[in-house]
Amino acid sequence: MSRIGVFICWCGENIARTVDVDALAQEVSKFPGVRCAMNYKYVCSDPGQALVREKIAAEKLDAVVIASCSPHMHLKTFRRAAQLAGLNPYKVEMANIREHCSWVHHDRAKATAKAASLIRLSVEKARLDHELQPIRVPVTRRALVIGGGVAGIQAALDIADAGYEVVMVEREPSIGGKMAGLSETFPTLDCSQCILTPRMVEVGQHPRIKLYSYSEVERVEGYIGNFTITIRQKARYVDISKCTGCGDCWSVCPLKRNKSEFDYGMGVRASIYVPFPQAVPARPVIDAKTCAKIIRNGCGLCEKKCKAGAINFQDTDKLVEEKVGAVVVATGYKLYDIGEKQDKASLAGYGEYGYGQYKDVIDSLQFERLLSASGPTNGVLKRPSDGAEPKNVVFISCVGSRDNAKGLPYCSKICCMYTAKHAMLYKHKVHDGQAHVFYMDIRAGGKGYEEFVRRAIEQDGAKYYRGRVSKITQEDGKLVVRGADTLAGVPITVEADLVVLAAAMRPADGVAELAQKLNVGYDEFGFLLESHPKLRPVETNAAGVFVCGACQAPKDIPESVAQASAAASKVAVTFAADELMREPEIAGINEQTCVACYACLRACPYHAIEQAEVRTPRGVFVKHTARVNPGLCMGCGTCVAVCPSKSADLEGFTEQQIYAMVESLV
Amino acid sequence: MNIGYYPGCALHGSSDDYEESLRACLRALDVQLQEIDEWICCGATAAHALNQKLSTALPARNLALAERGGFGEMLAPCPMCSMQLIKAQKALAGNEGLRREMSGIVELEVRGTTRVLNLIQVFEQVGLDRLKAALKSPLKSLSAACYYGCLLTRPPDVVEFDDCEQPRSMEAFLTALGAKTVDWSYRTECCGGGMTLASEETVLDLSHKILSNAAAHGANCLVVACPMCHVNLDMKQPDIERRYGVRHGLVIYYLSDVVGMALGLPESALGINRHFVGKA
Ligand SMILES: Cc1cc2nc3c(=O)[nH]c(=O)nc-3n(C[C@H](O)[C@H](O)[C@H](O)COP(=O)(O)OP(=O)(O)OC[C@H]3O[C@@H](n4cnc5c(N)ncnc54)[C@H](O)[C@@H]3O)c2cc1C
């Protein structure tokens, strides 16, 4: 006979208002196997937990049922309490008589009866609970950081400085991300490259950071503490171990007029190129789509010129494997495309702004390049169509963002700030110019942010109109921008020389595929999901995988960096233990009865089941079987449901327990 | 091809040149138009400003008449009419109660099953290939600004036709028929519509901008598919020229005019000789 203690919580008024806790305790104490039943105002409080501990000792309880709130809330609390009193923590069950009962019912008698039934179920389950031990897994103390923008850089440096090795995978030829292309940064207007490039160099030179540039994550296997990552190193056609970065190759390359990705098409580059002078690694890459040698076996000048013999036109993609114990995803963002083609049917594009076909209608990142001292115009403000200095510039915020009709209801958060910055920097370059800003609301929450926007308006004379622009047309070489000033209640027409669209921030291309490889969730817009928006902001639902930066939601540099350090500290916490503990409530396969049909293997969403062989101690083959990898199993129970031979079972929720619970009710 | 035809008031009144043109043109393409028996006003701008129910009931009766006539499709060449008809149709489709109520009011069972087409869509059904095959005299001398006005593509959720800000469906026909089309900025701007009566100045101003922009982009004519636009741009053009002291001299064609011309029909058969602005 079991000796079960039942503790019924009032949860202040939350439960006791609707459930008659005294009558309940009386009734429950009569259930078979229940040694004692009592109620208490807050079982989760210190004295409440002390009561549980005392009773475990005094009554020699062999299982405990707490009837209170959701196990999500307090299961861990009560397991710890039980453990302190010497009871195996997996012999604690909870009956949720708050969310499942008192909060959703009015009738006291019926609610009390239902609470009794819920407790009866948990008592039945507790009778059959096994003593379980947490699973221990070894940890590889090395981290993978995917994406080398400012967030990835920060995370990598923090982890490396904490003493652990880091593998960084960046898909572009250089790390740096968007920040490397920005001009000056709000709210302090420090030069973006000046503050970023030293950090990039640190990554490149750090003894504990191994950088794979121009590479992508191909495959992810394993689980927290023990991931095996396959990395695809894309063919670069330049052996970066031989290359000295002298620059002879790109100066000799005759194909110099390819649109530069780094300048968002505002500048040009050769077919063999370093995306920008401060690139890390400062080694070129050949663009196979335009190189004459690769396309039609022509040219080859760079090879002849290269003294180091680093050019290799026969280069191919290479796959390499790295073992790591934790992963940080920092893949950043891209902008809503202002062109006609959209990558999702739900995005409508902006025909009213000419779908970006007017040469002088550009997006905000392109404008950053025009402002940047290292940009295609060396920081002299020239408009794309004819190189003239624009005297009237219109900035339109919320292009894509906050607009259900265009497909994105969310606020991109940073555009108000960088638009104010743009207006300001423009005025600093063109003293007799006028900036016009059309906005919906000015969202400038942040340290020094509101003051920054006021400066753009008051000191630098930017004209702010609260209203949308309905149409941009081109007339006599001017962009005629028609909109509304809803505060003044008048329509406004501005004849502009340049229009800058603050396009919405969206997650980087390919993030969904990457998330699937990592078993990380993402929202309808593709932003990666944190496991709790408040309390677990950098964790994901995949153990050992963390997120930071703009891949999780639109954010600015300070926030990206803060989040990156948070992710790094979570990695350090993961690596701090000798072994990792995992909950033991996972599936197991009875290898005696398994018929090796592998229905479970196909059904398992976590790829946690493998094909295995049963052999005698001498190594003689007996049979094939399915086997659960305890490191990967998340205890969802899908295998139990599909197993035709009833060989799969789930610890902590065995079939026997479920039958016993059902039988107790009928 | 045999389709229903809802002329609306304009095509039987001020814009009967439009009716003449599209009838002649479609006849040449073997499209038979059958006028809906006993059709009534679509409600246009007046009804929905006054009474929501009326603005659904008027088009609903027309839809019911079309169904009674057994028409799967019906051409409503005036964009205001087609928009009102489609709007009513969509309201009825989503609301069985409204459908029953309207059937009672208009004293005819209305289901809203007839598909309402604008003129461009009828040409799309004929198809570019057939038009090209029937092409007799390519429109080589035309450098056309295709003008959609405000209603042909709007509201986009109602009419669901072409790109509402950057439409190109008319251009496709013009190019196929050998004309040049110009890239210009006022494709979907408002011409002033029915404001003539309330504020003629507004109409003159808006239409003047449209004509100027077309000319500035190298157009020697405009092609429209809306009777109201035609009135403002063609009939009012001399007034515009007087008021702004300019000479536009831009011929305003209906889409069916230019298709008809390409098919070899004489201008008189298309009613082009009745336009106010003739060839320069
Ligand atoms: C116009 C504009 C102006 C701005 N100005 C400011 C400012 O003044 N101040 C400020 O604080 N913030 C500013 N920001 C915001 C700033 O750009 C971002 O906060 C910051 O860049 C986010 O960093 P990140 O590392 O998360 O993303 P990113 O900078 O986007 O970096 C992501 C990196 O990951 C790589 N990557 C993506 N996918 C993969 C993959 N699958 N595998 C491998 N690598 C991958 C990318 O190539 C990139 O290098 C501005 C933004 C814009 C659009």
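Colleague: What makes up the area that chain B and chain A bury between them?

Modeller: In this predicted model, chain B and chain A bury about 820 Å² between them, and 33% of that area lies on carbon and sulfur atoms. On the side of chain B, E165(B), Q166(B) and S185(B) supply 51% of the area buried against chain A, more than any other three residues. The contact takes 10 residues from chain B and 10 residues from chain A.

Colleague: Why is the pair R482(A) and E189(B) called a salt bridge?

Modeller: The closest N and O atoms of R482(A) and E189(B) are 3.0 Å apart, and because the cut-off between a side-chain nitrogen of Lys or Arg and a carboxyl oxygen of Asp or Glu is 4 Å, the pair qualifies as a salt bridge. The count between the two chains is 3 salt bridges, and the residues on the side of chain B that touches chain A divide into 1 nonpolar, 5 polar and 4 charged.

Colleague: How do you know that the buried residues of α6(B) line one face of the helix?

Modeller: In helix α6 of chain B, residues 96-106, the buried ones are L98(B), R99(B), M102(B), S103(B) and V106(B). Seen down the axis of α6(B), these buried residues fall within an arc of 135 degrees, so they line one face. What covers them includes α4 (52-68) and α5 (79-93) of chain B.

How values were computed
Residues numbered from 1 in each chain as written. Chains lettered and ligands numbered in written order. Predicted model: local features only at pLDDT ≥ 70, side-chain atom pairs only at ≥ 80, totals over all residues. Heavy atoms only, no water. Buried < 20%, exposed > 50% of the residue type's maximum accessible area, 1.4 Å probe, protein only. Helix = DSSP H or I, 4+ residues; strand = E, 2+ residues; numbered from the N terminus. Arc of directions from axis to C-beta. Contact = heavy atoms within 4.5 Å. Buried area = accessible area lost by both parts, 1.4 Å probe. Nonpolar A, V, L, I, M, F, W, Y, C, P; charged D, E, K, R; others polar.
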